[in-house]
Amino acid sequence: MKQVNDDTLAAARKVIAVHINYPSRAAQRGRTPAQPSYFLKPSSSLSRSGSIVERPAGCELLGYEGEIALIIGERTRRVSIEDAWSRVEWVTASNDLGVYDLRYADKGSNLRSKGGDGFTPVGPALIPAHAVDPAGLRIRTRHNSEVVQDDTTEDLLFPFTRLVADLSQLLTLDKGDIILTGTPAGASVAQPGDVIEVEVSGAEFTTGRLITRVVEGSTPFTDFGARPRADDAQREEAYGSREAAGLPEMPPAQPPALSAELKAKLESVCTATLSSQLRKRGLNNVSIDGLTATRPEKRVVGLARTLRFVPNREDLFKTHGGGFNAQKRAIDSVNEGEILVMEARGEKGTGTIGDILALRAQVRGASAIITDGGVRDFSAVAAMELPTYYANPHPAVLGRRHIPWDTDITIACGGATVQPGDIIVADADGILVIPPALAGEVADESIAQEREETFITEMVEQGNSVDGLYPLNTEWRGKYQEWEARRADE
């Protein structure tokens, strides 16, 4: 059996990895892709069995993933699925290592999180591809001698031949290139001092155990680069489950604050009526004031997502204003039917949203954008179907007066406090913030109020005085109830 050596590593011009390929991993992640998706790892991440890998200083979540690696045997371009396996020369074991603490920094490219030196050990032995069935291989991963991954290639989402053929349609696979073919369920997190072993077998062949030892890095991250950041969402992803990560169970899912039925009710009444009902419940400070709408003819109902700007300070803008900042994260994560509400402190001396980001919100299905600051590229924003509520047009960029600071927190906009998940209703009369706990009863009472007002309008049109009619006294209420009964019978 041929062993992985320095020439093997040097021959790899590209290392291409597949995100999800094993049904067990797809079930664990809760998503099954319709097509394979890929990312690149630098060839400098390659290492051999017995290597030592550093968990970077300050990082918590060094994930390991046992994988089967394919090594391309000849230059390949636009190969068919039927011929794809003939272009694979060797099969071996790999460990796709990565630090989840840095996943946020590259928006899915995985360069920082999975591209570190030594983060792709392969070997130790090479299995001749022609001697094995690509659907008959087995992979096992041991973590400190305990088997944590044990799966086969029998029912992959994307068989190895499809991966090779698919990749070759768009790029040339060179001799020596390595394809990592995905990991089964059971991948987890390694701590300094741990030993990870990965073994691939098929027919009478085996790669032997690919051994990687983990140590703690000692070199801190610099101030000018992305720094490690871990949260419970990343811990759950890294360990494979909340239980494995030692996290408490998530509370049971709550019913949506804005059901389709409630949304329809709120869309059927005007903000003037809703405001009256809120006032009856002691809520007088729930209107976002002083703004103009690009689409005043539309009635908008949605759940609030929030974004806060703070006054510009040049040193802080350098750390928070560039790249995928809070403003762009908010725009890029707003969901269908949600309304992005921005706190700009009523500052009119610069824009808080422009045409490109407004278009992104529209494409994602946002119901509206609300800002108590300026709008840049106003003509383009005003021409969109997406309603935008704004203080004024202004040509200056965000950084003139603002730093995008945080998202999904309690903010102030147009004199009103807005929390994530509040229900926003806006029309030509204004913008209201409705606490979700009150929305149902407020909607029902508003519908009832508007029915009464329809009756009152008809009576006024017939020449009746408003005295005793608006609001209804006892006599007129009796007549209203008769009117309601007749309408119900029609």
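User: Which residues in α13 meet α14?
Analyst: In this predicted model, the α13 side of the contact has Ala448, Arg451, Glu452, Thr454, Phe455, Glu458 and Met459. They meet Trp476, Arg477, Lys479, Tyr480, Trp483, Glu484 and Arg487 in α14.

User: How many of those are nonpolar, polar or charged?
Analyst: By class, the contact of α13 with α14 has 6 nonpolar, 1 polar and 7 charged residues.

User: And at what angle do the two helices cross?
Analyst: The axes of α13 (residues 436-461) and α14 (residues 474-489) cross at roughly 105 degrees, and they come within 11 Å. Angles of 65 to 115 degrees count as roughly perpendicular, so α13 and α14 are roughly perpendicular to each other.

User: Why give both an angle and a distance?
Analyst: Because two packed helices are described by the angle between their axes and the distance between the axes.

User: OK, what about α10 and α11, parallel or perpendicular?
Analyst: Helix α10 (residues 326-333) and helix α11 (residues 355-363) have axes that cross at roughly 30 degrees and come within 8 Å. Angles under 35 degrees count as roughly parallel, so α10 and α11 are roughly parallel to each other.

User: Which residues meet there?
Analyst: From α10 there are Gln327, Lys328, Ile331 and Asp332, and from α11 there are Leu357, Arg360 and Ala361. That contact divides into 3 nonpolar, 1 polar and 3 charged residues.

User: Switching to strands. Is β20 mostly covered or mostly exposed?
Analyst: Strand β20 (residues 300-311) is mostly covered, with 9 of its 12 residues buried.

User: Which strands does β20 pair with?
Analyst: Among its partners is strand β21 (residues 338-343), which runs parallel to β20 and is joined to it by 6 bridges. Strand β27 (residues 402-407) pairs with β20 in the antiparallel sense over 5 bridges. Strand β30 (residues 423-427) is also antiparallel to β20, over 4 bridges.

User: Nice. In what order do β6, β9 and β14 sit in their sheet?
Analyst: The order is β9-β6-β14, in an open sheet of 3 strands with antiparallel pairing. The edge strands are β9 (98-99) and β14 (188-190), and each of those pairs on one side only.

User: How many bridges link β6 and β14?
Analyst: Strand β6 (residues 62-64) pairs with β14 over 3 bridges, in the antiparallel sense. To find one of the pairs, look for Tyr64, whose bridge partner in β14 is Ser188.

User: New topic: how many disulfides are there?
Analyst: The count comes to 0 disulfides. For background, a disulfide is a covalent bond between the sulfur atoms of two cysteines.

User: What about Cys270 and Cys413, buried or exposed?
Analyst: Buried means under 20% relative accessible area. Cys270 has 19%, so Cys270 is buried. Cys413 has a relative accessible area of 0%, so Cys413 is buried too.

User: Last one: where is Lys14?
Analyst: Lys14 lies in the loop between α1 (6-11) and β2 (15-18).

User: What does Lys14 touch, leaving out residues up to four places away in sequence?
Analyst: Lys14 touches Leu171, Thr172, Leu173, Asp174, Asp177 and Ile178. Take Leu173: it is 159 residues from Lys14 along the chain, and the C-alpha atoms of the two are separated by 8.1 Å.

Definitions and conventions
Residues numbered from 1 in each chain as written. Predicted model: local features only at pLDDT ≥ 70, side-chain atom pairs only at ≥ 80, totals over all residues. Heavy atoms only, no water. Axes fitted to C-alpha atoms, helices over the stretch in contact; angles between N-to-C directions. Parallel < 35°, antiparallel > 145°, perpendicular 65-115°, else oblique. Contact = heavy atoms within 4.5 Å. Nonpolar A, V, L, I, M, F, W, Y, C, P; charged D, E, K, R; others polar. Pairing = 2+ DSSP bridges. Disulfide = S-S within 2.5 Å. Buried < 20%, exposed > 50% of the residue type's maximum accessible area, 1.4 Å probe, protein only.
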